[in-house]
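Reader: Hey, can you walk me through this model? Let's just go region by region.

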Amino acid sequence: MFSSLLEDQLLLLFLILFLGSILGKLSIKGLSLGSSGVLLVAMVFGHFGHQVSETVQQLGLSLFIVAVGLQAGPRFFRMMRSRGIVFGIIGLLIVFIAAVVTVIVSKLFHFSPALSIGLMTGALTSTPGLAAALQATHDPIASVGYGIAYPFGVIAVVLFVQLLPRILKIDLEKDLKESNGPIRNEESPEVMTIEVTNYAYNKKTIRELHFERYHSIVISRVIRRDRNIIALNDTVILKGDYLVVVGLKADLEKLCHEIGKRVKIDFHNSDHVKLRKVTVASEDVIGKSLKELGLRSVYGVTVTRIERGGFEFNQNPRWRLERGDVLTVVSSEDRLNEVETLFSRNHLTVTNVHILSLSLILLIGILVGMVPIYLPGLGTINLGVAGGPLFIALIIGHFGKLGPIRARYYQPSTKVVSDLGLVLFLAGAGTTAGQGIVDVVQSEGLGLVFGGSIITLTPILAGYYISKKWFKLNTIHSLGALCGGMTSTPGLGSVNQLINSEEPAIAYAAAYPFALIFVAITSQLLIFFL
C-alpha cells in the first residue's frame with residue numbers, strides 16, 4: 001500500500017524533502033547536515049527502488065546554479081581587480097591541490113572516475129561541484145562519493161579552525177592588530193582621537209576650518225568634557241576639545257601635527273552618540289552620491305567609511321552608492337534609525353524575483369551549455385546544465401542589468417531560488433545514486449572513507465601553509481580564506497566564535513566565489529585525468 005503511494009511523483013518528492021529537512025536540522029554540538037540531509041534520505045528511497053524524475057533534478061540544478069552565479073557575479077569580477085585576488089588565489093590553490101590529490105587517490109585505490117570526483121566535491125562540501133560532476137560523468141555514483149566524504153569534510157574544517165589556535169597558543173586579537181593584509185592595510189581608514197591645542201582653531205566651525213583639504217579626513221564627533229557632540233559642518237570647535245577623526249594614516253598624522261596632539265583615553269558617552277553599520281538596499285538611494293543625499297545637512301549624521309565587496313574605503317562625497325554597500329554612520333539613535341529606514345526602504349520587502357529575467361538567464365545558459373568546447377590534447381566538453389547557466393549568471397550578475405534582463409535581486413529572493421533549486425536537485429540525485437550505494441560501499445569498503453579523508457585533510461593543511469608562509473597572512477585571515485577555499489560555511493561559523501570581528505567573513509567572502517566556480521570547472525576537467 002505505502003509502496004504504491006510512492007509511485008506518485010509529487011508525493012515521493014515532498015516526502016523526501018520533508019524527511020530530509022528534519023534530518024538536516026538535527027544538530028550535534030552545533031554541527032548539522034543542512035540540505036545534505038535531503039541527499040541522504042533520497043539515497044535511502046533510491047535504494048528501495050523509488051526514483052524522482054530526472055526533469056525535476058535538472059530543474060533544481062539549473063535554478064540552484066543560477067542563484068549561485070547571481071550571488072557571486074558582483075564580487076567575483078570585482079575581486080579580480082583588487083587586492084582581494086590574494087584570497088581568490090588561495091581558493092584556487094586549495095581546489096587545485098584537492099584535484100591533484102583526487103587523481104592520486106583514485107589511482108591508488110582504483111576508484112572509478114565518477115566516484116573519485118564525487119569524493120572530491122564531498123570533501124570540499126561543494127554541491128555545485130557535485131552537479132558539474134554528474135553532468136560530466138553521467139554516472140550517479142558521483143553522488144555516493146559526495147555523500148560519504150561530505151560529513152568528514154564538514155567536521156575536519158570545523159575541528160581544524162577550532163584546535164589550531166589552541167595548539168599553537170595564538171592570541172588571535174593581538175595577531176590581527178599587529179598585521180596588515182589585503183583587507184586592511186596602510187591605505188585603509190584608521191581612527192584617531194586628537195586634542196585641540198592650537199588656539200587658531202578656537203571658536204571656528206568645521207566648515208570654516210576646511211578639513212576637506214586633507215581629502216580622506218572625516219570628523220566623526222567632538223568630545224567636550226563629558227559631552228559627545230555629533231560633528232556637523234556648523235559644529236563649533238573649542239580649544240581643549242577632543243576630535244574623533246577617521247582617515248588615512250598619513251592625513252591623520254598631518255592633521256594631528258597641525259591642530260594638537262594624539263590622545264588615547266576612554267571617554268564617557270553620556271550623550272549616547274552611537275555608531276551603526278547600515279546596508280544600502282533601497283532603490284531610492286542606489287546610484288546617488290553621499291553629497292546628493294545630504295546626510296549631514298538633512299539628517300544630521302556622519303558617514304565615516306564605506307565597505308563594498310568586503311573591502312573598506314574612506315567615505316567620499318562623490319561616491320555613488322550600490323546595493324549592498326555598508327556605511328559606517330555616527331549620530332544619535334533616533335537619527336540613525338531614520339537613516340537606516342532611508343537606506344532599507346523598498347516597495348518589495350520580501351522578494352523581487354523577475355520571472356522574465358530568470359527565464360532568459362536559464363534559457364541562454366542552457367543553450368550556451370550545449371555548445372561543444374574543444375580542449376587541445378584533452379578532447380571536447382560542454383558546460384552542460386550546470387556550467388552554462390553558471391557562466392551566464394556570473395556575467396549578468398556582474399553588470400546587474402543587460403537589456404530586459406534584471407539580475408540584482410534582494411537577498412531573500414536569491415535565497416528562495418537557491419534553496420528550492422538545491423533540494424529539488426538533491427532529491428533527484430540522491431534517488432539515482434541510492435540504487436547503487438550498497439554495492440559501492442561493499443566493494444570499496446574502508447578505502448572510500450580513507451580516500452575521502454586524504455582528499456579533505458591535504459588541502460586544509462596545504463591551504464593554511466600557503467596563506468601563512470607564501471602570502472604572510474595573519475591567522476584569522478588565513479583561517480577565513482581556508483574556509484572559503486573549502487567552501488565551508490560551518491567552518492566560518494567556528495572561526496567567528498573565536499574572535500569578535502568581521503575579518504574572517506571578509507576573507508571567506510573573497511575566497512569563496514573563486515573556489516566555488518573552480519570546483520565546478522575542475523569537476524568537469526578531471527574526467528580527462530582519471
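Reader: Let's start with serine 467. Is serine 467 buried or exposed?
Author: Serine 467 counts as buried because its relative accessibility is 0%. Buried means under 20% relative accessible area, exposed over 50%, and partly exposed in between, with a 1.4 Å probe and protein chains only.

Reader: Before I go on, what kind of model is this?
Author: This is a predicted model, where local features need pLDDT of at least 70, side-chain atom pairs count only at pLDDT 80 or more, and totals for chains, interfaces and linings use all residues. Residues are numbered from 1 along each chain as its sequence is written, and side-chain values use heavy atoms, with hydrogens and water left out.

Reader: OK, back to serine 467. Which helix does it lie in, and what is it in contact with?
Author: Serine 467 lies in helix α18, residues 446-470. Helices here are DSSP runs of H or I with at least four residues, strands are runs of E with at least two, and both are numbered from the N terminus. Leaving aside neighbours within four places in sequence, serine 467 is in contact with Ile90, Lys472, Leu473 and Ser478. Contact means heavy atoms within 4.5 Å.

Reader: And how do α8 and α18 cross?
Author: Their axes come within 10 Å and cross at roughly 40°, which makes α8 oblique to α18. The axes are lines fitted to C-alpha atoms, for helices over the stretch in contact, and angles run from 0 to 180 degrees between N-to-C directions. Under 35 degrees counts as roughly parallel, over 145 as roughly antiparallel, 65 to 115 as roughly perpendicular, and the rest as oblique.

Reader: What residues meet there?
Author: From α8 they include Phe152, Ala156 and Phe160, and from α18 they include Leu457, Ile460 and Tyr464. The residues of that contact divide into 13 nonpolar, three polar and no charged. Ala, Val, Leu, Ile, Met, Phe, Trp, Tyr, Cys and Pro count as nonpolar, Asp, Glu, Lys and Arg as charged, and the others, Gly among them, as polar.

Reader: Now the core. How many residues has the largest nonpolar core?
Author: It has 80 residues, and Ile16, Phe160 and Phe425 have the most contacts inside it. A nonpolar core is a set of buried Ala, Val, Leu, Ile, Met, Phe, Trp, Tyr and Cys residues joined through side-chain atoms within 4.5 Å. Helix α8, residues 141-168, gives the largest share of this core, 12 residues.

Reader: What is isoleucine 16 in contact with?
Author: Val38, Val41, Ala42, Phe45, Val52, Ala427 and Thr431, leaving aside its neighbours within four places in sequence.

Reader: Switching topic: at what angle do α5 and α19 pack?
Author: About 50°, with axes 8 Å apart, for α5 at residues 85-109 and α19 at 475-485. The two helices are therefore oblique to each other. The contact is made by residues including Phe87, Ile90 and Ile94 of α5, and His477 and Leu482 of α19.

Reader: How many residues of α6 are buried?
Author: 10 of the 11 in α6, residues 113-123, so to speak a mostly covered helix. Threonine 125 follows α6 and has a positive phi, near 45°.

Reader: Last one: what does leucine 342 touch?
Author: Ser282, Val285, Leu295 and Tyr299, not counting residues up to four places away in sequence. Leucine 342 is found in helix α13, residues 333-344, and counts as buried because its relative accessibility is 7%.
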